[in-house]
Structures are given as structure tokens and as C-alpha cells.
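The sequence and structure come next.

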Amino acid sequence: MTLPEAPLDAHSQEDRLLGAIEDRFPSTIARLSGLVRIPSVSWDAFDRVHVRRSAERTAELLREVALFDSVEIDGVETADGYEGQPAVIATKAAEPGQPTVLLYAHHDVQPQGSADDWRTPPFEPTLRDGRLYGRGASDDKAGVMTHVAALEALGVATDGKPGIGISVFIEGEEENGSRSFAAFLEKHSAALGADAIIVADSDNPSTTIPGLTASLRGNVTMKVTVRTLGHASHSGMLGGAVPDAMLATVRLLDTLWDDQGSVAVAGLGSRAGGPAGGDEDDVRRDAELLEGVSTIGTGSIHDRLWNRPAITITGIDAPSVGEASNTLLPVVSVRLSARIAPGDDAARAYAAIERHLREHAPFGAHVDITQPDLGQPFLVDTAGPAVGLMKSAMRDGWGQEPAETGIGGSIPFIAALAEVYPDAEILVTGVEDPATMAHSPNESQDLGVLRRAISAEALFLLRFARPAPETA
């Protein structure tokens, strides 16, 4: 693919495009608020009807854009019988000689967590100090609205006739592991094929500097169950002579890190180089580290966040403090979540963690490892022409030079996209900033960031079209 040259009326088109974004921005906020009101949690324990409602509203928004040949809602069943959550797919064919772009976001959200931790109701969007608060206000319903608003502006600038092909895929289960993603791609691979893919599900270094994500860590999660006894026993009668499962679990988990908090599992790789950035003071502020609490690991902050593995225990099955009795526990289970460095392999990392846990089981404890979930890391090729076009659009849409960044989190489906569409350039953008608090209580979207992200994407779409051939 070669970079398009700007048509003669590019400036007037771009003025119309940016003007449309500004004129419609109050409506954009209102529609985003409407999406936030739908509690579209895609986890298995939550009511699927809300995800369906969210998909239906998203489909309505795309139909109102009035650019597409087709807008439909679909869900697929995987080979193991899992019924995928509803996704929205919209398509517009390219005119002859024109490229096609695929726009991705997701309309499902994380659970709210404890309502007591929210300063505002989690599913009642609230405007305060230039930010919209609510679960999904940023991750990733703002991504959905970025695509919708950019497409609306593109329609205004081109009189409803953009030459490029456009496909939109708004997933409904990204927050639940994208479990039917591969099956969905297999079913719709022809409709979703594109020259460039924009994934609007990432973040920016600040509210004023745009980020183009160049690397993502992968993830490996598993349930680890430790057993030491055939039954529970009185801690006063046998404590000190037999190891309970909690003691064995604590001792086992402690072997996963060294004294500095760096991962100590042999066989997990790290990446050298990559995007620079990050500041320890910023990390302390964003995490709200308590006074006297240090950061963990060694090396630069960006290496620790983007280029090295990390392991977190995200859940534990054990009696609560309020229900604790003087009992030696026979069994304890934990949920282990590992982030895998770019360039590593998720299956190899899983094998390394499994081997470590079995080899370090204390007191001969029995260790069972189940429910594995693997997501590959990804490195973006930043040398392609679409990347250069997006950087230019970000520069003009934000008024600042974009930064190439890494992500400590994971978006495993991007590796699947790259496998299915190896010739497509993948551009990972987003609407988050360090204060967004995605997945946490009090998630919010900076409205200035949203406006600038829409402008950058709309400029990219307008400039992505190839000029018509000259006629004699």
C-alpha cells in the first residue's frame, strides 16, 4: 500500500470534517452517556440481556451514520459449545481501486465492583470537571463513539460518498476473554478483511499527547489449587505439626518473585529496547501508592511496565476474616494472572509457570493447575505507510506530536487479527489517559481527549482514500 496524495479540495473537506465533529460533539456525549447507562457486563455470571441491549443500541448508532451497505448483530458458538456474546458488524464496499479500513472497539464492560467505592453511580453517567464518569465511559464505549462520530464527520466531508471501504466490528465479550473471537473471525473473515485495522482500545500518555501503541504484553491466567490435607482439622490440636493449605499456598506464591518484586520464574522472557517513557513519580501518583510504599522490580519504569513479565494474584478462595474459624484448611485456590513480555510466547510462558509451581511446591503439597487462558503479546510494525498516515492525523487532530508507547496490559485478539489478516497494518489507538481508571471504580473519560481522538481518526479516514486517476 502506498501513501495517498491529498486531493485538491483536501483543506475544505478537512474544514467541513472538523466542523462537523465540533457541531455534533454535544450529541456525541449524550449518545455515549446512553451507552454507559446499559450495564453490558459480559462475564458469565451476569445477565446477557444487557449485552444484547448494548449491541442493539450500537447497531442503531451505526445505521444512523447512513454509510453502510449492511449492519447486523451476530454471535457465534465455539467448538466447545460456548455461546458468544452478540457483536455488531457493519460493512461498506470500497469503490474500485480504493483501500478498506476495519474499525474495532467493544461494547461490553467490566463489572462495577463494590458500589461503595464509586463516588457516582457506576451506570449513571455523570459529568464533572470535563470528565464523564461511569463504567465503560472510556473502556470502551468511548472507543465505540469515536468510530461513530468519526464516520459521521467523514460522511459530511464527502457528501455521504467516501470512496474507501469501511468495516466495523464492535465486539461484545472483550472483557470476558474474547472467547468466541476466533470463531467469529472465521465466519466473517471476508467481510472484515482490510488494508488497515484501527483498534480503538488503548491509552495516551496524557490528556494532551496522543499515543500510538507499538507493543502489548500478552497474558496467561490459571487457577492454582493447593491441597495438603484430606479434611479440615482443629488448628490447636494439629497446628505446628502438619502443613495446612494456606501455609503451603503462601510459601509457594512467594517463590514467584524475588526480594525486589521482580518475577523469578525461569523461562519467562523480557524484551530489550522498545518505546521509551514513563516516570516513577507518575506511577506513584497514578497508583496512589501509600506513603512509604515503594515500587517493585528493577530497571526503568517503561521496561517494568511494558517489556518484562509480571505476575499478580487476582483472587483467592478461602474463608473470609468474618467467617474464619480455628481450622487448618485442607485446600486453597487462587487465580494467577501473568503478563508476558512482547516477543515471548504465551504457551511457552504457561509451561514455564506450571513447571515452576510444581517444582516449588512446599512440604510435598499437591498442586493442581486448571482453567488456563492464553493471550499472545504483540509488536506493531511502525514502519508502514498507514502508521505514518495515522501519526500525521494525530498530529493535526491533537496539535501535538504523537508518542509511540507500550501497554502493560493485554489485547490478545490483536495477535489473532494479525494472523488472519497478515497484510493489514494494525493501528492501536485509544481514548484513555492516566486518570481514566479503566476496570476500576470511578472510571471516567476526558472529553477533550475524546474530541481529539475523534478528530484524528476522522482525518485518517479522509486521507486514507486514494486519489482518482487523472483522465486525458
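## Strand β9 and its partners

Strands β9 and β14 (residues 366-375) run antiparallel and are joined by 8 bridges; strands here are DSSP E runs of at least two residues, helices are H or I runs of at least four, and both are numbered from the N terminus. Two strands count as paired if DSSP finds at least two bridges between them. Val226 stands opposite Val367 in β14. Strand β13 (residues 331-340) is also antiparallel to β9, through 10 bridges, and Leu336 in β13 is the bridge partner of Met222. Of the 10 residues of β9 (residues 218-227), 8 are buried, where buried means under 20% relative accessible area, exposed over 50%, and partly exposed in between (1.4 Å probe, protein chains only).

## Basis of the values

The model is predicted: local features need pLDDT of at least 70, side-chain atom pairs count only at pLDDT 80 or more, and totals for chains, interfaces and linings use all residues. Residues are numbered from 1 along each chain as its sequence is written, and side-chain values use heavy atoms, with hydrogens and water left out.

## Nonpolar cores

A nonpolar core is a set of buried Ala, Val, Leu, Ile, Met, Phe, Trp, Tyr and Cys residues joined through side-chain atoms within 4.5 Å. The largest one has 61 residues, and Leu62, Leu151, Ile166 and Phe460 have the most contacts inside it. Helix α13 (residues 447-464) supplies the largest share of this core, 12 residues. A second, separate core has 28 residues, including Leu256, Val265, Leu329 and Ile369.

Which residues does Phe460 contact, leaving aside its neighbours within four places in sequence? They are Val101, Ala196, Ile198, Ala386, Leu389, Met390, Ala393 and Leu427, with contact defined as heavy atoms within 4.5 Å.

## Strands β7 and β17

Strand β7 (residues 196-203) runs parallel to β17, and 7 bridges join the two. Ser202 stands opposite Gly430 in β17. In β17 (residues 425-432), 8 of the 8 residues are buried. Glu425, Leu427, Thr429 and Val431 point one way from β17, while Ile426, Val428, Gly430 and Glu432 point the other way. In a regular strand the side chains alternate between the two faces of the sheet.

Ile197 lies in β7 and counts as buried because its relative accessibility is 0%. Not counting residues up to four places away in sequence, Ile197 touches Leu102, Leu417, Tyr421, Ala424, Glu425, Ile426 and Leu427.

## The sheet β4-β5-β18

Strands β4, β5 and β18 form, in that order, an open sheet of 3 strands with antiparallel pairing. The edge strands, each pairing on one side only, are β4 (126-128) and β18 (444-446). Strand β5 (residues 131-133) is joined to β18 by 3 bridges, and Gln445 in β18 is the bridge partner of Leu132.

## Helix α5

Helix α5 (residues 181-192) has 12 residues, yet its end C-alpha atoms are only 12 Å apart, short of the 16 Å that a straight helix would reach; the expected span is 1.5 Å times one less than the number of residues.

The buried residues of α5 are Phe181, Phe184, Leu185, His188 and Leu192. These buried residues fall within an arc of 115 degrees seen down the axis of α5, so they line one face of the helix; the arc is that of the directions from the helix axis to the C-beta atoms. Their cover includes β1 (70-74), β2 (87-92), β3 (100-106), β6 (165-171) and α12 (413-420). Glu186, Lys187 and Ala190, on the other side of α5, are exposed.
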